[in-house]
Amino acid sequence: MIRESAYTFKILRYDAKEPGSGARFSTYRIRVIPGLTVLSVLIRIRDEIDGTLAFRSSCRSAVCGSCAMVINGKIDLACRTQVAAFDTDTIILEPLPNFEVIRDLVVDMTPFWEMYEKIQPYLIRKSPDPEKEIPQSEEDRKRIDQFVNCILCACCYGACPVLAKEPGYLGPAAAAKLERFALDSRDERSAATLEIVNNEKGVWGCDTLFRCIDACPKDVRPTDAVVGLRKSLVKNRFRKMFGKANHEA
Amino acid sequence: MLNHDILIVGGGLTGLRAAVGLCDRFNVGLISKVYPTRSHSIAAQGGLNAALTNNPDSRDDSWEKHTFDTIKGSDFLADQDAVEIMCKEAIKIVYEMEHWGCPFSRFPDGTIAQRPFGGAGYPRTCYSSDITGHVLLNTLYERAVAKGVKIYPEWFVTGLCIEEGRCHGVVVLDLARGELIPVRAGVTFFGTGGYGRVYQHSTNALINTGSGIGMAYTAGAPLKDMEFVQFHPTSLIGTNILMTEACRGEGGFLFNNQGERFMQRYVPTAMELAPRDIVSRCIQTEINEGRGFDHPLGRYIQLDLRHLGEKKILERLPGIRNICIDFIGIDPVLEPIPIMPCQHYSMGGIDVNERCVSEVRGFYAGGECSCVSVHGANRLGGNSLLETIVFGKLAAQAIGEDLAGGVPQADEKPILRLKDEVEKKIRRLTEPGRERPYRIHAELGAVMNEKVGIFRTRQELEQALETLIGLKERYRDVGVSSPARHMNYELTNALELEYMLEVSHTIILGALLREESRGAHFRTDFKTRNDGDWLKHTIARRGTDGAPVISFKNVVITRYQPVERKY
Ligand SMILES: Cc1cc2nc3c(=O)[nH]c(=O)nc-3n(C[C@H](O)[C@H](O)[C@H](O)COP(=O)(O)OP(=O)(O)OC[C@H]3O[C@@H](n4cnc5c(N)ncnc54)[C@H](O)[C@@H]3O)c2cc1C
Ligand code: SF4
Ligand code: SF4
Ligand code: FES
């Protein structure tokens, strides 16, 4: 039989509606079987011990991007992290950094989505649509694979040191999304659409130290996107300098 | 008061597709209790069906054959006119999604890849690796952003306003601010998804409570065919995370504890790719008769992918492999996956026609929360993603046509009355103490699982009904810990619980009345299909005493006369 073990959960609590009460840790002791995820323990705590605890969840299978948080100092999805994954029976949970807290582990994602919307996160076509599919080779499909996998969980956004200093910075997820389309063989966006990230708050602001790659639960490499976008921007500049006007990126 | 021509509730595939189809011509608002990309549609893995004939083995496939497979799969309970429309539209909407940027997997010739799925005569399931729902939902969300659809994320609808046969709008709890907001709309459309979480074991997201279905029903819209609940054959033991049908479509085997590929005893022709209702019953029978494996998390059967080889598993089923490693510590390249059947899909739902029109003026519904019916008594894999996008599109067309003469002005007064009611309800729920919502939820899940499951009998259904009535009684005393209204998930859970109980009531009663076995509804005391008495839809309306009142509706039969369903 699998035996239960006792765990101590320390969870950072804060309510933006009552800023006076400040941030504090609540401590919960709970017996669980190993193999349980941090999310399932959070649910048990809210159900059985403290109904006021706030956190987000939906798919419980690491695909919807709801439950990013700091777990014993590491940013990850609560639903894919096993309580037994640590060398300790104390688990400390904090909200995702680089965001304002609304309540407990729930942060205000608005800036994340605003940046997402800004980079025109959709396929742009100029040619008329064919009757059937726009052909795409298996190879071209593979090129966008890692960026397609992004679940918009913002783990990377929480881990990014540049965002910590410069809240207006593009951020890793938006860069990855832009590159997903810029690299898509079907996309026909003009070189001008990349200009929005051609500045210090855009791809040139990145320190390329890969924190976002470490944090990503889906093996997306946002830094690859940053580097790829920089190359495209440089190429576009040379094209312009030598007068070869070319609207395709 | 917030006012929209058209209000769409649901940020899944259905809701987004409807919004994208209407936002150019009307003032549209889209409400979702989670950010749209957190909707359950994101989790779909396997694919969606359309007779594109891209697969070398499907060159003579056609939408007519897709139609026939769907009707046969439905055990002849689907409305055949609606199925025809869906299968014809399928081809168009797959190309449309592709043109909008959906990154489908490709065949070497650059066309959209297609794989075999259960109950289908040809490999016609279009996919993107094992993240098809993810790519479809992202593509539609991207389209919505491109078109500037007005979206209200993390707005939780607490009640639907219907008075005198007309829908006026909804009352919403803004989760971040904790405020109640009345919303007036000429037309309200629900794409609120399924009710999986009324079962203890379900593949569905935690947010799939079916509150939309329950809300429509309590407000006065009838439900259809609620007794038909799909149990998926292969969910991971413990968490019940889905192991997509594509595992078997790509060639996976099922083994019992004798090392036997037992499907050959039941359906030697289709084997593992028989339709879901049949495979689920076979697995459950193996387990019940002692041929399962024992595990502290439950008895199981093995889903074996090892013979597919590492390369194919990594290419076609990478997400499945990651889930197995992350959630149960097993690498399917090296070991078989421990699986059990569990609740997966809601065939029944809000009663609408093939234009997504309900009986209530100004109220439309589509996708998993609705019942057109295109799935009848059993849905084929890959037909639900299809349904969401097809009927999201067709609903938009129908609403556009119906509003061609002008947008009706909804009345404010009924919505304000509803707001007062919700206000009272919340106040009562936030009085301290008494019954905790999670306990009632847990007991509901257990009874639905044990007594309204894959195999059903009169006796057990009657017991379930009694338990349910007791739980409804206890619900009156539910209270939550905090009166705060912002991000108070215990409060929203308690509000949803009311609707979960209502939805369950209709499922149990429908199952009790339907004395036959058809598709996913299997009565061990009435083991055969009985077309003479039961080739009809059940319609549930809420009676004045709070219990459902069931009536019947004919099935639309066009070209395909019901015959025995053999594979
Ligand atoms: C694990 C899994 C895998 C699947 N794989 C496949 C597959 O491969 N192929 C296939 O064809 N089908 C598959 N399905 C089925 C298919 O995914 C669903 O039927 C479909 O995605 C439902 O879409 P929807 O738009 O109707 O609802 P959902 O995607 O569930 O969206 C519902 C929306 O309504 C909102 N909502 C609900 N209630 C409220 C409320 N009270 N207030 C405000 N908003 C509310 C939610 O926020 C959400 O945005 C799968 C299902 C599961 C469980
Ligand atoms: S590599 Fe760039 S985007 Fe990634 S964390 Fe570092 S600064 Fe941020
Ligand atoms: S890149 Fe990775 S960490 Fe960042 S949002 Fe996407 S999935 Fe999450
Ligand atoms: S709950 Fe969906 S990613 Fe964790």
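Just after helix 2 of chain A, Q120(A) takes a positive phi of about 60°, helices here being DSSP runs of H or I with at least four residues and strands being E runs of at least two, both numbered from the N terminus. This is a predicted model, in which local features need pLDDT of at least 70 and side-chain atom pairs count only at pLDDT 80 or more, while totals for chains, interfaces and linings use all residues. Residues are numbered from 1 along each chain as its sequence is written, chains are lettered from A and ligands numbered from 1 in the order in which they are written, and side-chain values use heavy atoms, with hydrogens and water left out.

Helix 2 itself spans residues 110-118 of chain A, and its buried residues are F112(A), W113(A), M115(A) and Y116(A). Buried means under 20% relative accessible area, exposed over 50%, and partly exposed in between, with a 1.4 Å probe and protein chains only. Seen down the helix axis, these buried residues fall within an arc of 160°, so they line one face of helix 2 of chain A; the arc is that of the directions from the helix axis to the C-beta atoms. The face turned away from that buried side carries the exposed residues E114(A) and K118(A). The buried residues of helix 2 pack against helix 5 (155-159) and helix 7 (172-182) of chain A, together with helix 4 (132-146) of chain B, where contact means heavy atoms within 4.5 Å.

Helix 4 of chain B also holds L136(B), which counts as buried at 0% relative accessibility. Leaving aside residues up to four places away in sequence, L136(B) touches L13(B), L48(B), M97(B), C102(B), F104(B), L385(B) and I389(B).

The two chains can be set side by side.

| Chain | Residues and share buried | Helices and strands | C-alpha box along the principal axes |
|---|---|---|---|
| A | 249 residues, 53% buried | nine helices, seven strands | roughly 70 × 45 × 30 Å |

Among contacts in chain B between residues at least 6 apart in sequence, 73% join residues at least 24 apart; in chain A, residues 24 or more positions apart account for 66% of the contacts with a separation of 6 or more.

Two ligand surroundings can be described, a residue being near a molecule if one of its heavy atoms lies within 4 Å of it. Around ligand 2 there are 13 residues, the closest being C160(A), C206(A), D207(A), F210(A) and C212(A), and the elements that give two or more residues to this shell are helix 6 (161-165) and helix 8 (211-215) of chain A. The shell of ligand 2 divides into nine nonpolar, two polar and two charged residues, whereas that of ligand 3 has 12 nonpolar, no polar and no charged residues. In this grouping Ala, Val, Leu, Ile, Met, Phe, Trp, Tyr, Cys and Pro count as nonpolar, Asp, Glu, Lys and Arg as charged, and the others, Gly among them, as polar. The residues around ligand 3 include C150(A), C153(A), C155(A), C156(A) and C216(A), and C153(A) counts as buried at 9% relative accessibility.

C356(B) is accordingly in no disulfide, and the nearest cysteine sulfur, that of C369(B), is 9.1 Å away; C356(B) is buried, with a relative accessible area of 0%.

How values were computed:
Disulfide = S-S within 2.5 Å.
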